[in-house]
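Work through the exercises below with the sequence and the model at hand. Each task is followed by a solution in steps.

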Amino acid sequence: MGDSQLGRNRAVWAGLIEKLEARVFLSTAAPIRIDAGGPGYTDTAGNYWTADEYSSGGAVTDVPYAVNATSDAPLYYSRRWGSFSYNIPVASGPCTLNLYFSESRDDGAGERLFNVSAAGTTLLSRFDAFAT
């Protein structure tokens with residue numbers, strides 16, 4: 001490979017590296033993970049869930065119970081229930097909301113139905129965690 005070819009390859013790689021670095025700096029904010037009703041938790045993937053914050057209303061329970069299909073059962077032991085809300089500060093613009101549910105009280109479909117809203121929009125209406 002001649003020096004001119006090596007020089008062209010360096011220029012191409014430099015351009016790619018520059019673009020890659022720009023993408024890193026423009027990445028989105030870190031996820032906000034909340035241990036609803038709990039003191040905070042580090043899951044088996046190493047993600048930290050902060051202690052319950054940004055909430056108002058409802059009640060908190062922290063009692064171990066059988067949680068299926070997870071290696072992070074302790075994350076579900078503490079929970080907020082009743083009539084409550086969260087006011088989580090996030091940057092303007094699109095975002096993704098992931099909700100994780102486990103049924104701790106009822107053992108049949110239709111026994112507990114609830115609604116979930118975000119930013120004034122109902123996302124889940126008469127949601128049944130057990131049935132789902």
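**Exercise 1: a strand pair**

In β7, the bridge partner of Phe-114 is Phe-127. The model is a predicted one, in which local features need pLDDT of at least 70, side-chain atom pairs count only at pLDDT 80 or more, and totals for chains, interfaces and linings use all residues. Residues are numbered from 1 along each chain as its sequence is written, and side-chain values use heavy atoms, with hydrogens and water left out.

Task: state how many bridges join β6 to β7, and in which direction the strands run.

Step 1. Strands are DSSP runs of E with at least two residues, helices are runs of H or I with at least four, and both are numbered from the N terminus. Strand β6 covers residues 114–118 and strand β7 covers residues 121–127.
Step 2. Two strands pair if DSSP finds at least two bridges between them. Four bridges join β6 to β7, and the strands run antiparallel.
Step 3. The two strands form a hairpin with two residues between them, and Ala-119 in the turn has a positive phi of about 50 degrees.

**Exercise 2: aromatic pairs**

Task: find how many aromatic pairs the whole structure holds, then classify the pair of Trp-49 and Tyr-100.

Step 1. Rings of Phe, Tyr and Trp (its six-membered ring) pair if their centres lie within 6.5 Å; planes under 30 degrees apart count as stacked, over 60 as edge-to-face and the rest as tilted. The search finds six aromatic pairs.
Step 2. Trp-49 and Tyr-100 lie 5.9 Å apart, centre to centre, with 80 degrees between the planes, and form an edge-to-face pair.
Step 3. This pair links distant parts of the chain: Trp-49 is in strand β3 (residues 48–51) and Tyr-100 is in the loop between β5 (78–86) and β6, 51 residues apart.
Step 4. Relative accessible area is read as buried under 20%, exposed over 50% and partly exposed in between (1.4 Å probe, protein chains only). Trp-49, at 11%, is buried, whereas Tyr-100, at 52%, is exposed.
Step 5. The ring centres of Phe-101 and Phe-114 are 5.4 Å apart and their planes are at 55 degrees, so this pair is tilted.
Step 6. Phe-101 at 36% is partly exposed, and Phe-114 at 21% is partly exposed. Phe-101, Phe-114 and Phe-127 form one aromatic cluster.

**Exercise 3: a salt bridge**

Task: identify which residue forms a salt bridge with Asp-52.

Step 1. A salt bridge requires a side-chain nitrogen of Lys or Arg within 4 Å of a carboxyl oxygen of Asp or Glu. The search of the whole structure finds one.
Step 2. Asp-52 forms a salt bridge with Arg-80, and the closest N and O atoms are 2.4 Å apart.
Step 3. Asp-52 lies in the loop between β3 and β4 (55–62), while Arg-80 lies in strand β5, 28 residues apart.
Step 4. Asp-52 is buried, with a relative accessibility of 19%, and Arg-80 is buried at 17%.
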